[in-house]
Amino acid sequence: MEKKYGQQLRKISGYIDSIIKGFDVTDETVYPSIVTALRKYAESLDVWAVNASSRILMDVALRDEKTWLIYATDMSIGVKHQIRNTDVGAVMQKLLADQVGLIKSLPLNAAQRVHDLATRAVIEGGRADEISGLIMAIGGVTKARANTIARTEISRATTAFTEARAKDLGSDGYIWRSSEDSDVRDEHKKLNGQFFKWSEPPIADERSGTRAHAGCIWNCRCYPEPVIPED
């Protein structure tokens with residue numbers, strides 16, 4: 001799912017790169033036109049973003065349900081029915097709105113970057129070749145951000161659907177599980193194996209103090225193992 005979503009987002013970054021490179025960036029007078037073109041592109045993405053995000057999120061929700069049913073083989077028929085019929089609609093709508101915003105942020109952030117560089121050129125009198133080089137590099141920066149969004153948002157969506165189904169079964173929290181390899185962040189190694197309430201996400205990034213559940217912070221490959229009451 002991450003690969004599929006990443007491919008879709010990279011198409012957007014590729015188009016952003018094409019828009020920028022369609023102008024002569026050595027000519028400072030075209031910078032406002034680049035900003036306008038990128039903002040118009042963002043406005044045109046609404047329908048595409050909704051359709052693309054809906055398909056991805058539906059796939060994630062169905063995969064999450066299948067995973068639950070695999071591990072629910074020893075549970076009662078009633079519990080299995082509850083898993084299948086958990087109302088994830090509100091979760092889906094919240095995630096969908098987030099995804100549309102993130103998709104549109106790719107060209108909008110690129111437009112803001114061009115605007116900032118143009119302002120810098122005027123205020124600081126930056127070298128023209130330096131400024132034009134930074135503008136030409138925006139497409140590559142956007143591609144990297146697209147990859148990060150795909151990786152993070154698929155994981156975050158999975159955790160959100162897992163949380164919804166777990167809570168519906170009476171779960172109060174989960175065990176943080178990491179990928180247990182050399183790429184795991186030090187703070188996530190400390191969180192691994194610990195219990196956290198759904199209502200109280202732990203600090204997942206010590207530098208910023210950001211609180212997030214397993215899989216819900218940028219580039220996180222950890223996941224929540226729900227704790228379900230036995231009765």
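Residues 24 or more positions apart account for 71% of the contacts with a separation of 6 or more in this protein chain. Keep in mind that we're looking at a predicted model. Its secondary structure comes to eight helices and five strands, and from the N terminus on the elements run α-α-α-α-α-α-α-β-α-β-β-β-β. The C-alpha trace spans about 70 × 35 × 25 Å along its principal axes. Of the 231 residues in the chain, 42% are buried.

| Helix | Residues in helix | Span, first to last C-alpha | Expected span |
|---|---|---|---|
| α2 | 13 residues | 19 Å | 18 Å |
| α3 | 26 residues | 38 Å | 38 Å |

Both spans sit close to what you'd expect at 1.5 Å a residue.

Which residues of α2 are buried? They are Tyr 31, Ile 34, Val 35, Leu 38, Tyr 41 and Ala 42. These residues cover an arc of only 125 degrees around the axis, which puts them on the same side of α2. Turn to the face pointing away from that buried side and you find the exposed residues Pro 32, Lys 40 and Glu 43. As for partners, the buried residues of α2 pack against α1, α3 (46–71), α5 (89–124) and α6 (128–136).

Helix α3 has its own set of buried residues, among them Ala 49, Ile 56, Leu 57, Val 60, Asp 64, Glu 65 and Trp 68. What is Glu 65 in contact with, leaving aside its neighbours within four places in sequence? The contacts are Ile 83, Arg 84 and Arg 165.

**The largest pocket**

The pocket's volume is about 640 Å³. Helices α3 and α7 (138–168) and strand β5 (223–227) each supply at least two residues of the lining. Which element gives the largest share of that lining? That would be α7, with six residues.

**Aromatic pairs**

A pair of aromatic rings is described by the distance of the centres and the angle of the planes. With ring centres required to lie within 6.5 Å, the count comes to four aromatic pairs. In one of them, Tyr 15 and Tyr 41 have ring centres 4.7 Å apart and planes at 45 degrees, so the pair is tilted. Tyr 15 belongs to helix α1 (residues 2–21) and Tyr 41 to helix α2 (residues 31–43), so the pair ties together parts that are 26 residues apart in sequence. Are the two partners buried or exposed? Tyr 15 counts as partly exposed, at 45% relative accessibility, whereas Tyr 41 counts as buried at 15%.

Then there's the pair of Trp 176 and Phe 196. Here the ring centres are 6.2 Å apart and the planes stand at 75 degrees, so the pair is edge-to-face. It links distant parts of the chain, with Trp 176 in strand β1 (residues 173–177) and Phe 196 in strand β2 (residues 195–197), 20 residues apart. Trp 176 and Phe 196 are both buried.

**Two loop residues with positive phi**

A couple of backbone angles are worth a glance. Glu 180 isn't a glycine, yet its phi is positive, about 55 degrees. You'll find Glu 180 in the loop between β1 and α8 (186–191). At 61% relative accessibility, Glu 180 counts as exposed.

Asn 219 isn't a glycine either, and its phi is positive at about 60 degrees. This asparagine lies in the loop between β4 (210–211) and β5. With a relative accessibility of 33%, Asn 219 counts as partly exposed.

Technical notes. Residues numbered from 1 in each chain as written. Predicted model: local features only at pLDDT ≥ 70, side-chain atom pairs only at ≥ 80, totals over all residues. Heavy atoms only, no water. Phe/Tyr/Trp six-rings, centres within 6.5 Å; stacked < 30°, edge-to-face > 60°. Helix = DSSP H or I, 4+ residues; strand = E, 2+ residues; numbered from the N terminus. Buried < 20%, exposed > 50% of the residue type's maximum accessible area, 1.4 Å probe, protein only. Expected span 1.5 Å × (residues − 1). Arc of directions from axis to C-beta. Contact = heavy atoms within 4.5 Å. 1 Å grid on protein atoms, 1.4 Å probe; cavity = no way out; pocket = protein on both sides within 12 Å on 5 of 7 lines; lining within 4 Å. Points joined across faces, edges and corners; volume = space filled by probe spheres on them.
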